[in-house]
Amino acid sequence: MSVLGLGFSIYLRTVDRWLRLAGDDPAGSQRRVLRRLLNRAQNTWFARRHDFASIRSHADFAQAVPVSDYAGGLGMFQRILAGEPDVAWPGKIKFFAQTSGTTAGQKYIPVTPEMMRSNRRAALAMFASYARWGRGSVGRLWKGQLLFLGGSTNLKQIPGGAMVGDLSAIATRSIRWPLKRHCEPERELALIEEWEEKLARVAESLAFRDVRFVTGMPSWVKLLFDRVCEVRNFQPEGGISRAWPNLQLFVHGGVNFAPYRTAFRKFFTKEHLRRLDFLEVYPASEGFIAIQAEAEKPDMTLLTDNGLFFEFVPLSRWRHKNAPRLTIDQVEPDVPYSVVLSTCAGLWAYDLGDVVRFTSLKPPQVVFAGRNRHFINAFGENIISEQVVSAVAEAADATGAEVAGFSVAPAYPDKTRYTGGHEYVVEFRRLPAAGLEAFADAVDAHLQRLNHDYSVKRRGDLGMTRVQTTPVPAGTFYKWMKRNGKLGGQHKVPVCANDRRYVDDLLASVKDYQPDS
């Protein structure tokens with residue numbers, strides 16, 4: 001082990017103690033975080049408007065500060081973006097993370113020095129968690145290169161003097177020697193904004209290097225793996241094991257990994273898979289939420305002492321008047337909650353748009369259950385995206401299929417369909433061995449086991465008919481993302497929606513497609 005690796009491993013023990021202490025007393029950690037946030041922001045415009053000085057408890061906070069999303073607070077965010085100081089956080093905000101929004105177009109999320117420190121601590125916590133359960137020594141990572149496959153690191157100055165760009169661009173500014181010499185891609189490649197060119201150049205640059213760590217969205221990393229195999233003239237089956245035999249850790253987040261796992265496994269030999277670790281993280285532009293706690297389990301530990309205060313609204317009451325806002329000591333296991341955040345970057349009772357389920361209360365552990373706007377309830381079935389993802393993964397395993405991408409929408413009654421159902425638009429990398437009908441049967445059966453409302457609607461085909469599977473050609477989802485300007489970074493296709501806007505747009509470009517059986 002190198003001196004850097006040894007020193008880093010020793011330091012991670014301190015980080016691990018911090019994680020364990022916060023996990024042992026999550027409620028206490030969260031009370032202290034809220035108090036620190038309120039005190040830090042007490043002289044801002046937002047604090048005066050909402051009378052922070054009178055807040056003594058979470059109940060006071062919930063009474064004083066209503067839940068809002070980016071669109072709801074657009075006027076305030078525009079003031080901050082224009083350079084006005086002391087609006088919702090002390091001082092003038094110098095950096096903004098730009099991200100796509102479904103209700104307010106582009107979003108510009110403030111990134112303060114305190115948030116940068118929070119994100120650095122979260123990154124260290126990720127390595128500490130891995131050091132605790134990883135089968136290989138975390139110190140060995142530093143003998144090779146660490147690949148961070150994010151968006152362009154180019155930052156653009158806007159009127160008012162602030163710098164705007166992808167969150168990864170802001171994060172890289174805090175990486176210093178000696179860690180910097182291990183991080184890839186190099187600056188010239190990291191600045192590339194055109195995603196296809198970036199993938200090609202990164203693959204060419206690293207195909208013959210000793211890459212030991214990769215992090216990025218699964219869909220984009222899979223494309224990178226394909227490119228690396230092309231550069232090395234290797235077949236994809238086992239190709240990454242040949243190109244990067246020391247690859248030790250793949251960190252992923254942003255989407256549920258289950259439907260992509262089969263596609264990833266083909267790049268590795270069985271022997272390599274036995275020593276390759278997969279670690280899931282839950283990052284957002286608004287803050288780093290959670291980190292996988294144990295190998296082979298999807299549960300992620302919430303970071304309760306890292307500058308983020310969490311509230312949880314039962315999904316069944318989301319956007320209802322007077323919906324309860326629960327703290328971490330008030331939640332229950334296996335109930336879907338919308339996440340509401342207050343942060344050290346001046347977000348207050350901010351609707352993150354995400355849904356989680358608790359699998360453990362002490363330490364607090366969650367699984368990502370989708371977006372609170374990504375659900376299907378066209379016929380009273382109350383299907384959430386987590387259930388859709390689980391059904392697709394189950395059906396792929398059961399039928400020998402390999403799924404590259406999918407999106408689900410209601411299928412409304414028409415002249416040929418006497419009642420409604422769901423249409424699954426699926427890009428298969430390998431078609432189901434038993435046929436598309438078997439895949440649809442497996443999805444339908446799994447959803448009936450998962451969701452009581454769905455099973456009731458499906459009885460006798462009276463309320464809903466069985467799901468419909470519509471295959472699309474290879475590359476359909478990639479081309480759709482490219483056409484809509486959403487290649488790379490954190491962009492992803494919605495898993496499901498309560499209308500047909502995404503599905504109809506996808507299908508419009510692939511009329512009359514008939515897959516080979």
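Arginine 483 has a relative accessible area of 46%, so it counts as partly exposed. In this predicted model, the side chain of arginine 483 meets that of aspartate 505 in a salt bridge, with 3.3 Å from N to O. This pair links distant parts of the chain, since arginine 483 lies in helix α17 and aspartate 505 in helix α18, 22 residues apart. Aspartate 505 is partly exposed as well, at 29% relative accessibility.

Helix α18, which covers residues 501–508, also has buried residues, namely Tyr502, Val503, Leu506 and Leu507. Seen down the axis of α18, these buried residues fall within an arc of 125 degrees, and therefore they line one face of the helix. An α-helix has 3.6 residues a turn, so residues three or four places apart point the same way. Among the elements that cover the buried residues of α18 are the strands β18, β19 and β20, together with helix α17.

In the loop between β18 and β19 sits glycine 420, which counts as buried at 1% relative accessibility. Leaving aside residues up to four places away in sequence, glycine 420 touches Phe379, Ala411, Pro413, Gly463, Met464 and Thr465.

The whole structure holds 29 salt bridges, and another of them joins the side chains of aspartate 69 and arginine 319, at 3.3 Å from N to O. Here the partners are 250 residues apart, with aspartate 69 in the loop between α4 and α5 and arginine 319 in the loop between β12 and β13. Aspartate 69 is buried, with a relative accessible area of 14%, whereas arginine 319 is exposed, at 57%.

How values were computed: Residues are numbered from 1 along each chain as its sequence is written. This is a predicted model: local features need pLDDT of at least 70, side-chain atom pairs count only at pLDDT 80 or more; totals for chains, interfaces and linings use all residues. Side-chain values use heavy atoms; hydrogens and water are left out. Buried means under 20% relative accessible area, exposed over 50%, partly exposed in between (1.4 Å probe, protein chains only). Helices (H or I, at least four residues) and strands (E, at least two) are DSSP runs, numbered from the N terminus. The arc is that of the directions from the helix axis to the C-beta atoms. Contact means heavy atoms within 4.5 Å. A salt bridge is a side-chain nitrogen of Lys or Arg within 4 Å of a carboxyl oxygen of Asp or Glu.
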